[in-house]
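Please keep the sequence and the model at hand while reading.

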Amino acid sequence: MKVGIIGAGQLGRMLALAGYPLGVEPLFLDRTSNTPGAQVGKSLIGDIADPAKIAELAALVDVLTFDWENVPSKARERVPAAKIRPCVRALEVSQDRMHEKTLFRLLDVPTAEFAAVDSRVDLDRALGQIGLPAVLKTRVLGYDGKGQAVLRTPADVDAAWEKLQGKPLILEDFVAFDRELSLIGVRGAKGAMAYYPLAENVHSGGILRYTRAPFRNKALERQAERHMRNVLRHFEYIGVLAIEFFAVRGRLIANEMAPRVHNSGHWTIEGATTSQFENHLRAICGLELGGTAPRGHSAMINFIGRLPSVACALEEPDLHFHDYGKSARPGRKLGHCTLMAETAARRDARLKSLLRKFRRQGAEL
Ligand SMILES: Nc1ncnc2c1ncn2[C@@H]1O[C@H](COP(=O)(O)OP(=O)(O)O)[C@@H](O)[C@H]1O
Ligand SMILES: [Mg+2]
């Protein structure tokens, strides 16, 4: 099978690497040849928003998928819908936080209160409805906490408006969560569904810093799987889908979804029977899904802004190191590592000492 991957970032790269053992041949499309993906697979060079380029890629492969969900729908018009997995509709909904949250509500998936904001008058009205604290976000193209402002007091409102005005916005209730969790699910071409265990995510400055899995809580697992099932079924989805949740007093509130493999699922490369990358490929290629059970207890640490040396990381015998082959820049995800342990307590102790070690070396953690 030949799989076209729109966007050749680290997600595309890890998809490609998971595909080779299955005989899946990747072909990327991205703007330059200087990408994480191009180091491990063939690349077409072109604008990922160009319909002609996407049609050219589609003609060369059996199925098209994404490493980045923000490709404009116009760019995909010349490709038969059946060749795009997951479906265009799921991509469109997840591109806009208003559409995403509206769909969650429709499917009985709880969300924070939210309102669309297109003017200063809207903002004041939305604040009247939602109150403070709140989060003002751009509806489209936000990632890693970019395009967001937290409003804690009335004095924050003007600054947030100054920063974000001019784009379609959404105001959300600020959720005082107990923890952030995510669920990664996968639906095969014939409708089979599988879920990884819940993962617990710690963000700072809007960027995922580390993930621990499995996070065991039967009641929350049941809720998360029900929400995931509703969304997968709604779209007749094919591939991997991630949903990010806030856990508040035993209840899950959905924050956002990603119609693709997800940073909080990188631990599955070593920590689960089948990785999220392999399962995404199995699904979009019409193959049987692989097992999603955890192998022990994993923690994944993102390397942001600066990568520790491979030699230093590999002093730790239980650590798996992933370098995405990117040049360093503050706030940029350059790689990650996953550590595995036999018990949750042992994993947590190791995680603590590793975070200390990487911080000492100047990592942004
Ligand atoms: N409504 C909210 N209440 C509390 N924290 C929030 C809220 N929205 C976002 N955050 C925090 O900011 C992080 C990034 O926001 P998110 O909506 O996931 O956007 P992104 O697309 O940048 O990942 C979240 O993981 C969470 O830590
Ligand atoms: Mg997020």
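A residue is called buried when its relative accessible area is under 20%, and exposed when that value is over 50%. The model discussed here is predicted.

By that cut-off Glu244 is buried, since its relative accessible area is 13%. Glu244 belongs to strand 13 (residues 239-248) and Glu256 to strand 14 (residues 251-258), so the pair ties together parts that are twelve residues apart in sequence.

The next element is helix 5. Which residues of helix 5 are buried? In this helix, residues 120-130, they are Asp122, Leu123, Ala126, Leu127 and Ile130. These residues span an arc of only 135 degrees around the axis, and therefore lie on the same side of helix 5. The spacing follows a general rule: an α-helix has 3.6 residues a turn, so residues three or four places apart point the same way. Val121, Arg125 and Gly128, on the other side of helix 5, are exposed. The cover over the buried residues of helix 5 includes strand 5 (114-117), strand 6 (134-138), strand 7 (148-151), helix 6 (155-164) and strand 8 (169-173). After helix 5 comes Gly131, with a positive phi near 80 degrees.

The loop between strand 6 and strand 7 contains Val140. Val140 has 37% relative accessibility and so counts as partly exposed. Together with Trp68 and Leu141, Val140 forms a nonpolar patch on the surface, and the accessible area of the three together is about 270 Å².

How values were computed: Residues numbered from 1 in each chain as written. Chains lettered and ligands numbered in written order. Predicted model: local features only at pLDDT ≥ 70, side-chain atom pairs only at ≥ 80, totals over all residues. Heavy atoms only, no water. Helix = DSSP H or I, 4+ residues; strand = E, 2+ residues; numbered from the N terminus. Buried < 20%, exposed > 50% of the residue type's maximum accessible area, 1.4 Å probe, protein only. Arc of directions from axis to C-beta. Contact = heavy atoms within 4.5 Å. Patch = residues over 30% accessible without salt bridge, like charges linked within 9 Å, V, L, I, M, F, W, Y side chains within 5 Å. Areas by Shrake-Rupley, 256 points an atom, 1.4 Å probe, with all protein chains shown as cover. Salt bridge = Lys/Arg side-chain N within 4 Å of Asp/Glu carboxyl O.
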